[in-house]
Amino acid sequence: MQSFLNIDHIGISFDTPKGKLEVLDDIKLDIAEGEFVSLIGHSGCGKSTVLNIVAGLLRATTGGVLLEEREVTEPGPDRAVVFQQHSLLPWLTVYDNVRLAVDQVFGKTKSRKERDEWTRHNLTLVHMEHALERRPGEISGGMKQRVGIARALAMEPKVLLMDEPFGALDSLTRTHMQDSLMEIQARLNNTVIMITHDVDEAVLLSDRIVMMTNGPAATVGQILNVDLLRPRNRLALAEDAAYNHYRAEVVKFLHERHDKPRLVSSNPDAGRETQPLPLAANG
Amino acid sequence: MAATDLTDKTFELPWLARALDWLAGDDVNRVAGGLTNALLLPLLGIGIFLLLWSAGAAQVQTSLGQLPGPAQVWEQGQNLWEEHQAARERERAFHERLDKRLQKAIAAGDPEEKLERIRNRQYTGHPTFVDQIWTSLVTVGTGFLLASIIAIPIGIVCGMSAGFYAGMNPLIQVFKPVSPLAWLPLVTIIVSALYVTDDPAVSKSFITSAITVTLCCLWPTIINTTVGVATVDTDLMNVSRVLRLGWLKQTIKIILPSAMPMIFTGLRLSLGIGWMVLIAAEMLAQNPGLGKFVWDEFQNGSSDSLARIMVAVLVIGFIGFLLDRAMLMLQRRVSWDKDAILR
Ligand SMILES: Nc1ncnc2c1ncn2[C@@H]1O[C@H](COP(=O)(O)OP(=O)(O)O)[C@@H](O)[C@H]1O
Ligand SMILES: [Mg+2]
C-alpha cells in the first residue's frame, strides 16, 4: 500500500553538554489521506520532536519522512503547524496574521481580492470574523488558538500538524475548541496529526491513536484504531461502551508506562542499562 | 510603602511624566487621578532641596564670592533670557538698517556689486544661551542619528549570526568603556586631517563633537539590538520557516518588530549617554553649545559666573530628562506591546 504520509523508521539524537541524547528510535507510521491521528505519551517522550521532524523544522538522524512519496527536507506551508503557544505575531491584527500566511502561500496564484476573501473565509470558519482588527494581546487564549488554526488552515496544507493545540486552555474552552475542530474536520477532511495529553480529546477526535513509549529512545508502543461513527457527540459517547473501552485502553497504556521508570530506578538490576538515564526524571 | 523603593523611577518627576503621558495620548482619567496624587510629594521634595541649597550656599565662600543660592540662580536665568531677547532685538534692528540702506542704494542707482556687498553682510553677535542650547541639541541629534544608523544594522547582523557576533564582541567590549575625553583628541586630529574645505558648511568643532557623541552612543544600541534580535521567540521563527519567508521579509515582518522594544531600550540609553558626552565634548572642542557656555563662564570668572553655570547645569539636566521622555513617547507610539510600559 502506498501511504499518503510515511514516517519511515525515524530516529533522532541531540548533542547535549552531557553527551549524545537519543530521543527517538525507529518510529514508523503510515498515515492515509484524510486521516486524523493523535500522538499521546508522557511529557518529554518526544512527541513534539516527531511533529517537528514531519514539519521539517528538525532533521531526523536516521530514517526519513515521505509526503506523497517526496522526502521532507525543509519546512513548508504544505505542512502547516499549530503551535501550543498560538505563536501569532503580537504586532499584527488577527486579520493581518492570517493574511500574512495567505499572501505568502497564494501571492502568485490568487488576486488581491481573492486573498482578502480567503482570509475572511478561514477566520469565519473558526468563528473569529467579529475580531478581525484586534491584536493577539486583546483576545482570549481560546480565540488566539482559533486564529492559529485559521492561519494553518488558510495555507491549505496537505497535512495539518497540531502540537497540544488546546493544552493551555481551560477545560470549558477546550471542549468548545474540540467541537469546533470536529466540525471543521467534517467539512474539510484534512489529514491531521495532533499531539495531546488529554485521553478524551484523543478518543473523541481521532481515527487512530498512536501511543508512544517513554524516552529516551522513545518509539511507538501501541496503535489504537478508533472505530466510532462520525459525527461524534461527546454527550452521547459518554455512555457508549465502545468509547469507554477505547478510553480505558489508552489510560491503561499510559498508566503502565508511568510506572516503568520507577521500576527501573528502584531496582537497577532488573534493567539491562547500567548507565543512569538522563531523562528518567523528566517523564 | 514604608521602605524606599529605589528604582530608576525614583528619580523622575512623576507629575511631569503624567503631563507628558497625556501628550503621548494616555487615558485622561488615569492622568488626572495621578496628577493630584503625585503633585504634593515632589513639590515637597523640591522645596526641601531649595531650602537646604540656599542655607548651604550661604556658608560657602569661593574665590568668586559667595556660592549662589536659588534666588541668584533664578535671577541669572532671567538675565540670560533677557540677554537673548536683547540680542534678538539687535539682530532684527541690524537687518532693518541693512534693508533701508539697500533700498537707498537701489534708489541712488548704485552698481550691482555694491548692492551685493550690502546684501552679503552678516550679523555677527555672540551666540546667546538659548542659541547655545539649540546648537547642543542639533549636535547631539546629529551624533545620535549617525550612531543609530550604524548601530542598528550592526546589531541586527550580530543578533542573526553568532559568528559575526563572536567577531564583533571583543571590539564592542573594549571600545564601550572608553571615555569621550579619550576619543576627543583622536577625533579632533582625524577630522582636521580629513575635513579640509575652503568653505565649510559646518564647523570642525561641530563635526568633532558630533562624532565623539557617535562613538560613545553606538554601544548600548548595538548590544540591545543584538539581544533583541537574538532572542526572537523560536515559535515565531518557526512560523517564518513554515511560511518560507525570504531573508528580507523575515527581517522586516518578524525580527525587527519583535526586537523593536529592545532596540528602543538601547536607543534611549544611547541618547542619555550622548547628551552627557556632548557637554564634555563641547567644552574641549569649543563647539558653541552648552558645554562651551559652561567652559567660557568658568574661564570668565566674573561674580555672576557661578550662578550662570548653575543655570546651565539645571537646563542640561532638564533637557536630558525631556530627551528621555521624548524617546519614551516615540517608543510607545511605535510599540505593539502597549502593556509593557518601559520606563
Ligand atoms: N534541541 C534539543 N536539544 C536537546 N534536547 C532536546 C531538544 N529538543 C528536545 N530535546 C529533548 O528531547 C526530549 C523530547 O522532547 P519533546 O519532543 O519536546 O517531548 P514532548 O513533546 O513529548 O513533551 C526531551 O527530553 C527534550 O529535553
Ligand atoms: Mg511537546
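Chain B contains 13 helices and 2 strands. The model is predicted. Of the 343 residues in chain B, 38% are buried. Contacts in chain B between residues at least 6 apart in sequence were also examined, and 72% of these join residues at least 24 apart.

The largest nonpolar core comprises 147 residues. The residues with the most contacts inside this core are Leu5(A), Leu24(A), Val203(A), Ile209(A), Val250(A) and Phe129(B). Helix α11 of chain B (residues 247-285) provides the largest share of the core, 11 residues. A second, separate core consists of 6 residues, among them Phe94(B), Leu98(B), Leu102(B) and Ala105(B).

Beyond residues up to four places away in sequence, Phe129(B) touches Leu80(B), Leu290(B), Phe293(B), Val311(B), Ala312(B) and Val315(B). Val311(B) is also in contact with Gln76(B), as are Asp304(B), Ala307(B) and Arg308(B), when neighbours of Gln76(B) within four places in sequence are left aside. Gln76(B) lies in helix α4 of chain B (residues 70-107). Gln76(B) has a relative accessible area of 4%, under the 20% limit, and is therefore buried.

Over all chains, 7 aromatic pairs were counted. One of the pairs is formed by Phe49(B) and Trp53(B); this pair is tilted, with 5.8 Å centre to centre and 40° between the planes. Both residues lie in helix α3 of chain B, 4 residues apart, which corresponds to about one turn of the helix. Trp53(B) counts as buried because its relative accessibility is 17%.

The ring centres of Phe129(B) and Phe293(B) are 4.6 Å apart and the planes are at 55°, so this pair is also tilted. The pair links distant parts of the chain, with Phe129(B) in helix α6 (residues 129-160) and Phe293(B) in helix α12 (residues 290-300), 164 residues apart. Phe129(B) and Phe293(B) are both buried.

On the surface, Leu39(B), Leu43(B), Ile46(B), Phe49(B) and Leu50(B) form a nonpolar patch, with about 420 Å² of accessible area together. Leu50(B) belongs to helix α3 of chain B (residues 40-57). With a relative accessible area of 35%, Leu50(B) is partly exposed. Phe49(B) thus takes part both in the patch and in the tilted pair with Trp53(B).

Terms used:
Residues numbered from 1 in each chain as written. Chains lettered and ligands numbered in written order. Predicted model: local features only at pLDDT ≥ 70, side-chain atom pairs only at ≥ 80, totals over all residues. Heavy atoms only, no water. Buried < 20%, exposed > 50% of the residue type's maximum accessible area, 1.4 Å probe, protein only. Contact = heavy atoms within 4.5 Å. Core = buried A, V, L, I, M, F, W, Y, C linked by side-chain atoms within 4.5 Å. Patch = residues over 30% accessible without salt bridge, like charges linked within 9 Å, V, L, I, M, F, W, Y side chains within 5 Å. Areas by Shrake-Rupley, 256 points an atom, 1.4 Å probe, with all protein chains shown as cover. Salt bridge = Lys/Arg side-chain N within 4 Å of Asp/Glu carboxyl O. Phe/Tyr/Trp six-rings, centres within 6.5 Å; stacked < 30°, edge-to-face > 60°.
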